[in-house]
Amino acid sequence: MMKRASYSLGLLLLGVSLIINLVNVQEALDVRLPVDRKIGSRVGSIARRAGLYGLSNATMITELEELIQKLRSEGHTRVVFSYSGKHSNVLASTAIHSAWPMQIIEQEMPSLKRNERLLVAASLNASHMISVRPGQGWVATPVETAIPKRKAGAGD
Amino acid sequence: MFDARWPSLVVLAVLILSGYGWLACFRARALSGPERLGVAFACGGAWLGLLAAVLGPFELFIPAIIIPLQLAPLAGFFVGRATAEEPDEPSSPSRAWLGFLPVIPLVVLSFWFAAQRPVWSIDAQRRWVLKAQWMADEHTPVPERMAEVEWAHAHPSYPPLISAICAQALQLGSDRDEGMRLMFPSFLFALLAVIYGYVRRRAPPLIATGLTLLLATAPCFSVLDAKKGSYGLGADSVLADIPLALFLTSLSVFVLEAIGSSGRIAKTYWSLATLIGIGAVLTKNEGLLFAPVTLAIALGLAFFVKRESPLGRARRPMLVVFAILTSTSLFWKWIARNMAVRAGEEYLSAGVFEELSSGARRTARIFDRIVDSLADQGLWGVLWIWPLIWLVWFAIRFLKMDAEQRVRRVLPFLWLSAGLAMVFGAYVATGWKQGSWSKLMNVSLARLLIHHAPLALILACDLFTTDVKEKPTTSDETSYLDAESAIG
């Protein structure tokens, strides 16, 4: 009798738990499904990823990947990814994921001037520094462009 | 689109075939229906992980070598046939599948999510798939190149199993994005199937379905992709957390089954526990430690009972499995000894003790955060209430149980407690980003809890196992398991 009562109680608890879980699943789906329907349209996985991150410029990731592919196809093996600000981790991850076998070295250098950042990149034996420039989007600057300035500076 | 994904389907098929081979080698006839398929997948994954760990350092992770070795266990079908004995207790696969049907829509939903979403979470992009790319190209999980400190962010010392699965798909021509997606919900399927099979052997089929659904509907397992900064929770993510939950849960399940069995059946379960335990070790750093700890806890408890009792008799096989899992952990640490490790993330080093002492000040806050997370219905539903109910039930029944029963029933609770304690300890000890433990908890707490959460259902199952044998007052010498199978 006691066993049957406790079994019934357990069954009741299990039923209630399932109902609560289903309500939680429904709430999670309400948030997730609209996003996934949106990114599920056939617009290319890269743009979908950009949408997923909620980036205002959906082409940001596309352009970054295209730039990385270009550098990779040119045979470069080591590039510095200079960043600062929002979404940097997300963008750096995308860069790293799509760059292999080229190596992406992340460097957060918000307070340095452009030429100083290039010098840092040169010290890391990188061939290029990828960064965002206002009005130009993603730019890969060869680090050697910084070296003549350094030499000139040293001569002064 | 299809050609970017077919290699991953081939990889899944090879893993399952290889796993079925192991089930034949181990003569695991008692497993049927979805559980058999799920365990086969887990065994196939564990075997691939072991091959990657052993052959990888020799740069032999290439399809021409790995795939034949993966399929070698299929020879077990012939060996099994030659030494065929009486079958284990007959089980009906069709009935087993019928009870599992309500769970299928949630698994399908997870596959649907996976098909939609690119490989997007930071850990997937920077660690698991990146590692898969270098494994595919350089045929080893530990290339010299990855010893450079600039690669520390990629965690090249992480165990190889997950990346090995992805790398195999890449080697067969898969795309590094679309090709990765469809493989990972398979781990959720296998996890649910293992839970279902375990409960079904102990409780009425309705309970097996109900408890499995309880896990399948825990939002962070099935549908939730992110919460409070923790990304990649659901089974559609290319991450190692649900795979580790599968291996750790299966290890626990097969240790429990082995303790309750004897003769050839016990050998079968110990063999499964060993292979699956190796899978846990080679999936994630947490598994490197927790898989041997699982056996150590069981072994410790076995010394509290009489030597001739079922648990007492299990001491020797437990010791063997413990030794194998510990050796595998140490072996991987040795293989990956030269790989770059990020500052503050060497959890298994001696430095962890320094961190533990300096992190002691934050213990209360860490404890509060963990309790808050466990109570978060949006993450877990009401999964975590079941261990509490079990605790009350166990306290009420405590005096009516004999020593053997107490110890065996408390074992999953101790595993769960140890798992939570380890999560707690990790945050106390972390030196991540100069001790940003709070931020680390934001991004990883739910994922670490996922590793141990299914044990809550193993405890819940105990409540419905209608076989609590009272302390013998007569000459009733029927074993606990006999009573169990007689009633079940």
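**Where chains A and B meet, and two local features**

Between the two chains, the contact draws 35 residues from chain B and 32 residues from chain A, where two residues count as in contact if their C-beta atoms, placed from the backbone, lie within 7 Å. On the side of chain B that touches chain A, at least two residues each come from helices H6 (104-116), H7 (122-138), H11 (205-216), H12 (219-222), H20 (377-380) and H24 (455-464) of chain B, and the largest share, eight residues, belongs to H7(B). Helices here are DSSP runs of H or I with at least four residues, and strands are runs of E with at least two, numbered from the N terminus.

This is a predicted model, in which local features need pLDDT of at least 70 and side-chain atom pairs count only at pLDDT 80 or more, while totals for chains, interfaces and linings use all residues. Residues are numbered from 1 along each chain as its sequence is written, and chains are lettered from A and ligands numbered from 1 in the order in which they are written.

Within chain B, helix H5 (residues 93-100) holds the buried residues Ala96(B), Gly99(B) and Phe100(B), buried meaning that 20 or more other C-beta atoms lie within 10 Å of a residue's own, with C-beta atoms placed from the backbone. The cover over the buried residues of H5(B) includes helix H2 (33-55), H6, helix H10 (185-202) and H11 of chain B.

In chain A, strand E3 (residues 128-133) and strand E4 (residues 137-142) run antiparallel and are joined by six bridges, two strands being paired if DSSP finds at least two bridges between them. Val132(A) stands opposite Trp138(A) in E4(A), and in this hairpin of E3(A) and E4(A), with three residues between the strands, Gly135(A) takes a positive phi near 80°.

Definitions and conventions:
Buried ≥ 20, exposed ≤ 12 C-beta atoms within 10 Å, placed from the backbone.
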